[in-house]
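Subject: Structure handover

Hello,

Here is the structure for you to look at. My notes follow below it.

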Amino acid sequence: TGCSIATWSYQGKRHKYRPLNDCRQHAKNADALKAHQVTAETAHQVQAYDTIYVPIVKLEHFVNTTLPNITQPFVLLSGQNSKPEDPIPNNVYNTIVKHPRIVKWFLQNLSVYAATDPCHPKLHPFPYGIHPMQSPSLLEEISISRNKTTFIYKSWFTKSNNIISRRHIPTGEKVNAKEYLKRMHESEYVLSPDGDRPECHRHYEAIAMGTMPITSLDPVLYRHLAGNVVFGENQWNLTVLKKALPRKPVVNQRLIFQEYWIEYVEREVGRALRWWDPSRDVRCSLAEIAAIVRQSSLAR
């Protein structure tokens with residue numbers, strides 16, 4: 001989640017979706033949590049090229065109360081685990097893309113939330129990522145070596161979401177999370193239709209397993225996944241797919257790690273930025289995070 005890596009996170013007023021509940025686990029105590037949060041009163045402390053994470057449902061409140069008090073250029077990150085009922089209001093969208101101090105805006109599920117103009121040059125896609133509850137099981141499965149014995153895995157998925165678009169998609173049997181990851185790990189591809197939004201956790205679970213997800217994603221609006229997913233599938237015909245898809249696809253498993261997306265954001269912005277290290281509850285640079293990761297790897 002972007003809230004665990006951004007220099008600042010914005011909590012604002014309470015909202016029924018409580019989108020920052022997952023952020024609280026990244027702060028070890030109340031003082032660290034307070035230091036990580038930007039408010040209208042602390043907005044003047046934002047430094048040049050800091051990163052600020054604002055949940056999609058709180059963008060309007062942020063724009064009205066806190067953005068006017070920020071005096072330095074910064075990069076905005078926005079996402080949402082629970083699905084908001086409404087898209088980003090046009091006036092909020094326009095304020096953000098026209099604001100002189102917002103250098104770039106990285107947003108999850110552009111096709112859903114940036115309907116006003118998802119191709120605006122200031123706007124870039126941001127990953128949906130792994131669900132925090134799935135991370136331990138996923139990392140445990142990654143550590144196991146498995147042969148790819150299945151070409152395309154038909155995982156089970158509910159047809160209550162996007163019921164019309166999912167009606168004709170083949171689905172497999174429902175299994176527990178451990179068996180689900182094992183079967184995916186043993187497969188070269190997995191059918192991965194839209195969830196309640198186009199980009200979903202399954203895409204990233206598959207990539208973590210070295211398995212390429214077959215998706216209906218738009219290749220422009222979800223270009224951050226280029227080379228790691230099959231784009232634009234809408235027929236879901238297994239016979240056709242088995243004939244058309246190349247064998248032994250290669251995906252970049254680094255996509256599940258925060259450092260990869262920090263590098264991605266800095267590459268798109270074209271300069272170094274400031275971040276938050278949740279392991280130490282301090283602001284830092286990408287170079288400092290990379291050094292800690294290397295040190296941790298050597299310690300193992």
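Helices (H or I, at least four residues) and strands (E, at least two) are DSSP runs, numbered from the N terminus. This is a predicted model: local features need pLDDT of at least 70, side-chain atom pairs count only at pLDDT 80 or more, and totals for chains, interfaces and linings use all residues. Residues are numbered from 1 along each chain as its sequence is written, and side-chain values use heavy atoms, with hydrogens and water left out.

**The second largest pocket**

On a 1 Å grid over the protein atoms alone, a pocket is an open set of points where a 1.4 Å probe fits, with protein on both sides within 12 Å along at least five of seven lines; lining residues have an atom within 4 Å of a point. The second largest pocket has a volume of about 610 Å³ (the space filled by probe spheres set on the points, which are joined across faces, edges and corners). Its lining has 27 residues, and Trp-156, Phe-157, Tyr-180, Arg-202 and Glu-205 are the closest to its centre. Helix α8 supplies the largest share of this lining, three residues. α7 (177-185) and α8 (201-208) each supply at least two.

A nonpolar core is a set of buried Ala, Val, Leu, Ile, Met, Phe, Trp, Tyr and Cys residues joined through side-chain atoms within 4.5 Å. Buried means under 20% relative accessible area, exposed over 50%, partly exposed in between (1.4 Å probe, protein chains only). The largest such core has 80 residues; Phe-62, Trp-105 and Val-265 touch the most other members. Helix α10 (residues 258-269) gives the most to it, six residues. Among the buried residues of α10 are Tyr-260, Trp-261 and Val-265. After α10 comes Gly-270, with a positive phi near 90°.

Contact means heavy atoms within 4.5 Å. Leaving out residues up to four places away in sequence, Val-265 touches Val-75, Leu-77, Phe-106, Phe-126, Leu-273 and Trp-275.

**Two buried loop residues**

Asn-109 sits in the loop between β4 (102-108) and α4 (110-113). Asn-109 is buried, at 1% relative accessible area. Its contacts, again beyond four places in sequence, include Phe-126, Arg-197 and Glu-199.

Pro-127 lies in the loop between β5 (123-126) and α5 (135-142). Pro-127 is buried too, with a relative accessible area of 7%. Beyond four places in sequence, Pro-127 is in contact with Gln-108, Glu-199, Tyr-204, His-224 and Trp-261. Pro-127 and Tyr-204 are 77 residues apart in sequence, yet 9.0 Å apart in space, C-alpha to C-alpha.

Best wishes
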